[in-house]
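Subject: The structure to look through

Hi,

Here is the structure I said I would pass on. Have a look at it first, and then read my notes below.

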Amino acid sequence: MVLAHGSGGRPFEILALAAGLYGTAGLLAGAFVGWAVATAIAAVPGGWRALREDRDLDGRAAAALLGLAAAALIMAVGAGAAHGLLVAEMASRKLAVIATAGLALAFCPVAALAGVACARLVVRRTRYLPAPRGLGATGLLLVAFATAGLLAFVAALSRADWRVLDLGPLWSALAALLLAAGHAIFWYGSAPGQRLRARLPRRGLGVGVTVAVLTLLGLGSQIGETSPSYAAITDASWGLRLALKIARHLTDHDHDGYSALFGGGDCDDSRADVFPGAEDIPGDGIDQDCQGGDAQPVVASPEPAPAHTPAAPAQHGAFSGNILIIAIDALRADRLGVAGYGRPPGHSLTPTLDALAQRGARFTHVWAQAPNTPRSFPSLVTSRYPSEIAWQKQSLNYSNLLPSNHTFFEPLAAAGLHPIGIFSHFFFTADRGISKGFAEWSDDGAKSIADSNKDIASPRIVPRVIARLRKAAQTGERFVLWTHLFEPHSSYMEHPEFPTSLSGVQGLEEKYDYEIAFADLWAGKIIKTLEETKLDRNTAVVVFGDHGEAWGEHKRYFHGQDLTEEQLRVPLLVVVPGEKPVVVDDEVGLIDMGPTLVDLVGAAPLPSFHGRSLLPAIEGKPLPSRPIFAELLPSTATPSHEVTVIDGAKKLTHKISERRWELFDLADDPRQQKNLADQPASRALLDELRAKLVKFEERKRQN
C-alpha cells in the first residue's frame with residue numbers, strides 16, 4: 001500500500017520498518033496467543049478432544065463461558081453508564097483514565113459474583129444446548145460469541161459514518177488475522193503443509209525469523225527523521241503509521257513525547273525539556289527545540305511592526321457608532337454565495353452574508369490562527385497567537401485564560417462603547433477568561449460539552465440579541481455586541497426549512513451546508529432588526545468564521561486536526577456605514593480583527609496586540625505584505641503540534657510532531673495538494689520561509 005500510493009518513500013526503508021514493526025508485533029501476539037491457548041487447553045482435562053467426547057465436561061465448560069459472558073456484559077454496561085455520567089465531563093485526560101480504571105475495578109466484584117451465579121444457574125441446563133459434532137456446546141458458544149462481537153462491531157460502525165473514520169489499523173488487523181488463519185490452515189489442515197512442517201527444523205526456523213525481524217527493527221529504528229519514507233507512511237499506510245507511533249512512544253526514554261529513534265527527532269532523549277517544539281531559551285547554549293542550534297537573543301519581537309498606526313480622529317474621522325460582531329462556528333471561506341458556492345448549484349446558502357458583502361469590505365484571503373474554537377477565539381479577542389496567550393493550562397482542550405491577558409474589548413470600552421456578549425454555549429461561560437472587558441455577559445441555556453454537539457442554539461440566542469438591540473435603539477447607548485451562532489458545528493442537525501436527501505459522507509456535507517444556511521437565516525433576523533430600528537445607519541457589522549471544516553481534502557473530516565486550508569480559511573465581512581463596498585485580496589488573519597475595530601473608533605491599540613489594523617483596506621487602500629502565522633498546539637484531544645506561515649500565496653507548514661515540512665504554492669494549488677518541499681527548484685523558497693517560521697517558533701513569548 002505504501003509503496004504503491006506513498007510518494008517519495010524509499011522501498012528498503014519502508015520494508016525494513018514494516019517487517020520490523022509488524023514482525024515484532026506478530027511475534028509478541030503469537031507468543032501471547034500460543035500461551036493463552038495452551039493454558040486454556042491445559043486447564044481442560046483431556047484437552048479439546050475431551051470436550052467433544054465428554055458431554056458433562058462440555059456442559060461445565062459451556063456454563064463457565066456463559067458466566068464469563070454475563071460478567072463481561074455487566075462490566076461493559078456498568079463502565080459505559082459510569083463513563084457517560086462521570087468520566088465524559090472530565091477535561092483532564094489523565095484523570096479520565098484514572099477514573100475509568102477505578103470504575104472498572106469497582107465493577108469487578110459485582111461482575112464476578114454475577115458470572116459465578118450465572119454459571120451455577122445454567123450448568124444443569126447446558127444439556128439443552130446444541131452440541132455439533134466436532135465443536136461441542138463450548139465450541140458452538142465460542143463461534144456464537146465471535147459472530148456476535150463482529151455484528152456488534154458492524155452495528156457500532158453503522159451508528160457513525162464509517163467513511164469518515166480512520167479504519168486503516170482495523171483493516172491491517174483484519175488482514176493479519178486472515179493471513180494467520182490461512183497460514184494455520186496450510187500448515188495444520190492441508191496434507192502438503194503437514195508434510196512440509198514435519199521436515200522443517202521448526203526451532204531453527206523460529207530463531208531465524210526472530211533474528212531477521214529484530215535486525216530489521218534495529219535498522220528501521222535508525223532511519224533519519226528527514227527520510228521521505230515517514231511522509232509516505234503517514235499518507236498511504238493502513239496500520240504502519242499506528243505501529244510507528246507506538247514504537248516512538250515506547251522508545252521515548254525521557255517521556256517528553258518524542259523519541260530519538262524511528263525518526264522521532266528528539267536530539268537529547270535524556271532531557272525532558274529538549275524536544276521538537278519546545279520553547280528554546282535564547283543564548284543558553286542549548287538547542288531545546290532541536291532546530292539545529294540555540295535560538296539567538298532578540299531585542300524586539302520578530303513580528304513586523306503594525307502596518308497602520310491609528311491616526312488621530314480628526315485625520316480620518318473616527319467612527320462614532322456601534323459595532324455588531326457575529327461569529328459563525330466552523331464556517332469555511334468557500335461556502336459563501338459570493339465566493340461562488342451553491343447547493344444546489346446556483347442557489348446560495350448565505351443570502352444574508354452575500355448582501356452584507358455587497359455593502360462592505362469582503363476579505364477573500366483570511367486565515368484563523370488555530371483550527372478549533374478553544375484556540376481561535378482566545379487568539380481573536382487578545383490579538384495574540386495561541387502560544388503567546390497566558391493559559392491556565394495550555395494542554396487542556398478548553399483551558400481558561402489567565403487574568404493577565406487583555407482583550408480588544410477593553411480599549412473599545414475605554415473609547416465609550418458598552419461591551420455586550422450574548423451566547424448560549426459551554427465555551428462562553430463568564431469564567432473562561434475571554435469575557436474580560438465586557439460590561440454585560442450572558443450565556444443562558446448553554447448545554448454541556450456532550451449535549452452541545454446536537455444543540456440548536458440560534459433560536460434561543462437570536463431573540464435575546466434582538467431584544468438587546470431594540471433596547472439599545474430606545475436608550476441611544478453606544479455599544480459593541482458580540483454573539484456566536486454555533487450550528488455549522490458537528491454533529492449536524494436537520495432543520496425543516498432545509499430538508500436533506502443524501503447519505504454517507506455526501507449526506508454529512510449536505511447537512512453541514514444546510515446548517516450554514518440555517519445560521520444565515522437567523523443572522524438575517526439580526527440584520528433585519530438593525531434595519532427596523534434604524535441602527536444600521538450607525539452600526540458597523542462584522543461577520544466571520546472562527547475556523548473551517550474539512551471534507552476529505554487531506555483524508556480528514558471536521559476540524560482541529562491540522563493546519564490545512566480547509567480548516568484555516570474563513571470568511572471575514574466588515575460593513576462600516578459610509579464606506580464603499582470593496583473586495584480585499586490581501587492576506588490577513590483573524591488576529592487582525594481586534595486592532596482593526598480599535599483603530600476604527602480612534603482608540604490606541606494595546607501593546608500586547610500582535611495583529612494589525614485592516615482599516616486602510618476597508619477604506620480602499622492597499623495593505624503592505626505581511627506573513628500570516630497559525631498554530632495547532634498539542635492538547636489532550638489533539639496531540640499533534642504544527643505551525644504554519646503564509647506569505648505571498650506561499651505556505652510552509654512545520655509538522656513538528658511528524659518531523660516534516662510541507663511547502664505549497666497556493667496560487668497554483670489552492671487546495672494544498674502538491675508538496676514542493678522536496679523539489680530542488682523550491683529549495684531557496686523553502687529556506688526563506690523556514691527561516692521565518694523558525695524565528696516565529698523561537699520568539700520569546702511575553703505572556
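How many salt bridges does the structure hold? There are 27 salt bridges in it, a salt bridge being a side-chain nitrogen of Lys or Arg within 4 Å of a carboxyl oxygen of Asp or Glu.

Before you go on, two bits of housekeeping. This is a predicted model, where local features need pLDDT of at least 70 and side-chain atom pairs count only at pLDDT 80 or more, while totals for chains, interfaces and linings use all residues. Residues are numbered from 1 along each chain as its sequence is written, and side-chain values use heavy atoms, with hydrogens and water left out.

Side chains of opposite charge can pair when their charged atoms come close. Start with Arg 468 and Glu 440, whose side chains form a salt bridge at 2.7 Å, N to O. This pair links distant parts of the chain, 28 residues apart: Arg 468 sits in helix α17 (residues 458-475) and Glu 440 in strand β4 (residues 440-442). Helices (H or I, at least four residues) and strands (E, at least two) are DSSP runs, numbered from the N terminus.

Arg 468 also has a salt bridge with Glu 477, again 2.7 Å from N to O. With a relative accessibility of 9%, Arg 468 counts as buried (under 20% relative accessible area; exposed is over 50%, partly exposed is in between, with a 1.4 Å probe and protein chains only). Glu 440 is partly exposed at 28%, and Glu 477 is partly exposed at 21%.

Another pair to find is Asp 273 and Arg 271, joined by a salt bridge of 2.7 Å, N to O. Here Asp 273 is partly exposed at 36%, and Arg 271 is partly exposed at 31%. Then look for a whole network of salt bridges, which links Arg 332, Asp 334, Arg 335, Arg 343, Glu 509, Asp 513 and Glu 553.

A histidine inside

Is His 484 buried or exposed? His 484 is buried, with a relative accessible area of 2%, and you will find it in strand β5 (residues 479-485). Its side chain makes a polar contact of 3.0 Å with the side chain of Asp 329. A polar contact is a pair of N or O atoms within 3.5 Å; within protein, one must be able to donate a hydrogen and the other to accept it, and residues adjacent in sequence count only if both atoms are side-chain atoms. Leaving aside neighbours within four places in sequence, His 484 is in contact (heavy atoms within 4.5 Å) with residues including Ala 327, Phe 377 and Ile 461.

The cores

The largest nonpolar core has 50 residues, and among those that touch the most other members are Phe 408, Trp 482 and Leu 572. Helix α20 (residues 593-600) gives the largest share of this core, four residues. A second, separate core of 44 residues includes Ile 461 and Trp 522. A nonpolar core is a set of buried Ala, Val, Leu, Ile, Met, Phe, Trp, Tyr and Cys residues joined through side-chain atoms within 4.5 Å.

One more residue

Leu 521 lies in helix α18 (residues 504-532) and is partly exposed at 33%. Leu 521 and His 183 are 338 residues apart in sequence and 60 Å apart in space, C-alpha to C-alpha.

Cheers
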